[in-house]
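My notes follow in the order I took them.

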Amino acid sequence: TTYQNITTHLEKFLTGQSRAIRKLLAAFASGGHVLLEDLPGTGKTTLAKALAQSLQMDFQRIQFTPDLLPSDILGVSIFDQRSQNFTFHKGPIFTEILLVDEINRASPRTQSALLEAMGEKQVSIDGKRHSLSESFFVIATQNPIEFHGTYPLPEAQMDRFAMRFSLGYVSAEEEVAILSAQQTNTLETCASREEIHTLKQAVQAIRISDELKRYIVDLVSATRTATGVQMGASPRASLTLMKAAQALALFDGIAYVTPEHIQEIAVPVIAHRLKIDSQAYFSGLSGENVVKEILREIDAPI
């Protein structure tokens, strides 16, 4: 299948990251965006570039800095003396796969320039709407350790990301394999645009029972009354969790969603949407802990 081709291809280049690749492709196939939160040098940028090259899609990278302006991302209208008209020059957001490096380094005003693009696949500039590619996919990165000179992402921005997860360090043997792969492997296209379109259509066709839809809603709504949670997950989380579970079922060659698919992806889909009460946060509570506890408490349908 298309999924297996892409996975095998990416694993040659990113040894030991099969779980991260599975999550990334689940978000991509279900039409969501991804926030990679990890230490520098763990392969976040490499993963984004490798995906774009494997699918032969247009790729742009934006390094977010405190002085970056919204127009640096979206584009700008410039007055043409000869035609006496304003000509719009597209910014790097007009691409298919967009890597936003260190998203929390830019000001909230610049961060918000991504909101409409991620939610609607369009941008409004000078009162005109400009459509983005149907395949528009954002991979944003941030360093969870260094907070000096950063602007935390607001809840509305966090909610736009389908998933947040990290790559983490690999074993010594896998790191050696990565060094070898960088020397020998060259990434080639392994899936056509038609195959990608078919993959996304197939995700939507995966069946999910009413009992499992209720299970998803129960999991998400439980975050709104959980102890230590100031703001729970929105209905967008329920929708994203359903779509991501459908993608995983397709990847596993099953025509329907199982409770295991929902449980596998629940933490990366829900945890980052929760606003933890400051007192509970300093006591060690995290969004991940809350979701794991809810998964233990709520019984899955049989």
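**Entry 1: α10 and α11**

I began with the pair α10 and α11, which pack at an angle of about 135 degrees with their axes 9 Å apart. I am working from a predicted model here, not an experimental one.

I checked the hand of the crossing next: α10 passes α11 in a right-handed one. I then listed the residues that meet. From α10 they are K213, I216, V217 and V220. From α11 they are A237, S238, L241 and M242. I sorted the residues of this contact by type and got 6 nonpolar, 1 polar and 1 charged. I noted for the spacing in such lists that an α-helix has 3.6 residues a turn, so residues three or four places apart point the same way.

**Entry 2: α11 by itself**

I stayed with α11, which covers residues 235-251 and has 17 residues. From first C-alpha to last, α11 reaches 25 Å, close to the 24 Å expected at 1.5 Å a residue.

Which residues of α11 are buried? I found A237, S238, T240, L241, A244, A245, Q246, A247, L248, A249 and F251.

**Entry 3: α12 and α14**

I moved on to α12 (residues 259-270) and α14 (residues 287-297). They pack at an angle of about 150 degrees, and their axes are 9 Å apart. The cut-off for roughly antiparallel is over 145 degrees, so α12 and α14 fall into that class. I recorded the crossing of α12 past α14 as right-handed.

In this contact α12 supplies Q263, A266, V267 and I270, while α14 supplies E288, V291, K292 and L295. By type, I have 5 nonpolar, 1 polar and 2 charged residues in the contact of α12 with α14.

I looked for positive phi in residues other than glycine and wrote down E102 and K121. Phi of E102 is near 50 degrees. I placed E102 in the loop between β5 (97-101) and α5 (108-111). E102 counts as partly exposed because its relative accessibility is 25%.

K121 has a phi of about 55 degrees. I placed K121 in the loop between α6 (113-120) and β6 (122-125).

**Entry 4: A113**

Is A113 buried or exposed? It is buried, because its relative accessible area is 11% and the cut-off is under 20%. Leaving aside neighbours within four places in sequence, I found A113 in contact with P70, I73 and L74. I also took a distance from A113 to V123: the two are 10 residues apart along the chain, and their C-alpha atoms are separated by 8.4 Å.

**Entry 5: H130**

V123 came up again when I looked at H130. H130 has its place in strand β7 (residues 128-131). I have H130 down as buried, because its relative accessible area is 18%, with the cut-off at under 20%. Beyond its neighbours within four places in sequence, H130 is in contact with F88, F94, Q122, V123 and I125.

**Entry 6: Q17**

I looked up Q17 in the loop between α1 and α2. Its relative accessibility is 6%, so Q17 counts as buried. I checked Q17 against L47 as well: they are 30 residues apart in sequence and 9.4 Å apart in space, C-alpha to C-alpha.

**Entry 7: the chain as a whole**

I finished with the totals. How many helices and strands does the chain have? I count 14 helices and 11 strands. Of the 302 residues in the chain, 48% are buried. I also looked at contacts between residues at least 6 apart in sequence, and 76% of them join residues at least 24 apart.

Definitions and conventions. Residues numbered from 1 in each chain as written. Predicted model: local features only at pLDDT ≥ 70, side-chain atom pairs only at ≥ 80, totals over all residues. Heavy atoms only, no water. Axes fitted to C-alpha atoms, helices over the stretch in contact; angles between N-to-C directions. Helix = DSSP H or I, 4+ residues; strand = E, 2+ residues; numbered from the N terminus. Parallel < 35°, antiparallel > 145°, perpendicular 65-115°, else oblique. Left-handed = near helix turned anticlockwise from the far one by under 90°. Contact = heavy atoms within 4.5 Å. Nonpolar A, V, L, I, M, F, W, Y, C, P; charged D, E, K, R; others polar. Buried < 20%, exposed > 50% of the residue type's maximum accessible area, 1.4 Å probe, protein only. Expected span 1.5 Å × (residues − 1).
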